[in-house]
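Please keep the sequence and the model in view while reading.

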Amino acid sequence: MIENEFPPEFKVDESQIAIDFDGVIHNNNKGWHDGTCYGEPIEGSLKAIKHLWHSGHTIVIFTAKVKPDRPLVDEKTGMELVQEWLDKYGYSKYITEITCEKPRAILYIDDKAYRFENWNDTIEDWDGTELQI
C-alpha cells in the first residue's frame with residue numbers, strides 16, 4: 001500500500017474493505033433474471049465477512065443493483081432488495097454501507113476485477129495482443 005494513500009480527513013477509510021454483491025456474496029446464478037435478489041449466499045462469504053469485521057475492518061458492499069436509475073422491482077428499490085437479502089441471511093450487522101459507487105478502501109473484492117500491474121500484461125491477458133510498450 002502507498003504511504004499516505006488517504007487524505008487526513010479520510011483516515012477512517014484505511015480500514016475499509018469494499019466487497020461486490022453479485023458473484024461474491026450473492027451467487028447470482030440466474031444472471032439478471034427478473035431484477036430480484038433470488039440467489040443463495042456464496043459458500044464461506046458470511047464467515048469471511050465476519051472475520052474481516054472482527055479484525056477491525058468496516059465493510060462496504062458495492063453493487064449496480066442499488067443505482068438510483070434502476071427500475072422498481074415488485075415496488076421496491078434495488079437498495080431495499082439488497083438490504084432485505086442481507087437481513088435474511090444474517091449479513092446486515094457486519095455491513096457499514098451499501099453503494100453503487102466505488103468507495104475508498106484498502107481492498108476491493110470483486111469477481112470481475114483484474115489485478116492491474118501494467119498495460120502490456122493487461123491487454124495481452126485480455127485479448128492476446130502484445131502492445132510492446
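## Basis of the model

The model is predicted: local features need pLDDT of at least 70, side-chain atom pairs count only at pLDDT 80 or more, and totals for chains, interfaces and linings use all residues. Residues are numbered from 1 along each chain as its sequence is written, and side-chain values use heavy atoms, with hydrogens and water left out.

## Overall build

The protein chain contains 3 helices and 4 strands, and its elements follow the order β-α-β-α-β-β-α from the N terminus. Helices (H or I, at least four residues) and strands (E, at least two) are DSSP runs, numbered from the N terminus. Along the principal axes, the C-alpha atoms fill a box of roughly 50 × 35 × 30 Å.

Of the 133 residues in the protein chain, 32% are buried. Here buried means under 20% relative accessible area, exposed means over 50%, and partly exposed lies in between (1.4 Å probe, protein chains only). The chain exposes about 9000 Å², and carbon and sulfur atoms supply 52% of this area. Accessible areas come from the Shrake-Rupley method with a 1.4 Å probe; for residues, only the protein chains shown count as cover. Among contacts (heavy atoms within 4.5 Å) between residues at least 6 apart in sequence, 67% join residues at least 24 apart.

## Charges and salt bridges

The protein chain has 14 positive and 26 negative side chains, and the centres of the two sets lie 7 Å apart. Lys and Arg count as positive and Asp and Glu as negative, while His and the chain ends are not counted. The place of a charge is taken as NZ of Lys, CZ of Arg, CG of Asp or CD of Glu.

A salt bridge is a side-chain nitrogen of Lys or Arg within 4 Å of a carboxyl oxygen of Asp or Glu, and by this rule the count is 3. One of them joins the side chains of Asp22 and Lys65, with an N to O distance of 2.7 Å. Asp22 lies in the loop between strand S1 (16-20) and helix H1 (45-54) and Lys65 in the loop between S2 and H2, so the pair ties together parts that are 43 residues apart in sequence. Asp22 and Lys65 are both buried. Glu84 pairs with Lys76, their closest N and O atoms being 2.9 Å apart; Glu84 is partly exposed at 38% relative accessible area, and Lys76 is partly exposed at 28%. Glu117 pairs with Arg115 at 3.3 Å between the closest N and O atoms. Glu117 is exposed at 54% relative accessibility, as is Arg115 at 67%.

## A negative surface patch

Asp121, Glu124, Asp125 and Glu130 form a negative surface patch. Patches are made of residues with over 30% relative accessible area and no salt bridge, with like charges joined within 9 Å and nonpolar side chains (Val, Leu, Ile, Met, Phe, Trp, Tyr) within 5 Å.

## Positive phi angles

Asp74 has a phi near 55°, a positive value in a residue other than glycine. Asp74 sits in the loop between strand S2 (58-62) and helix H2 (78-88) and is exposed at 61% relative accessible area. Glu75 has a positive phi near 65°. Glu75 is also placed in the loop between S2 and H2, and its relative accessible area of 68% makes it exposed.
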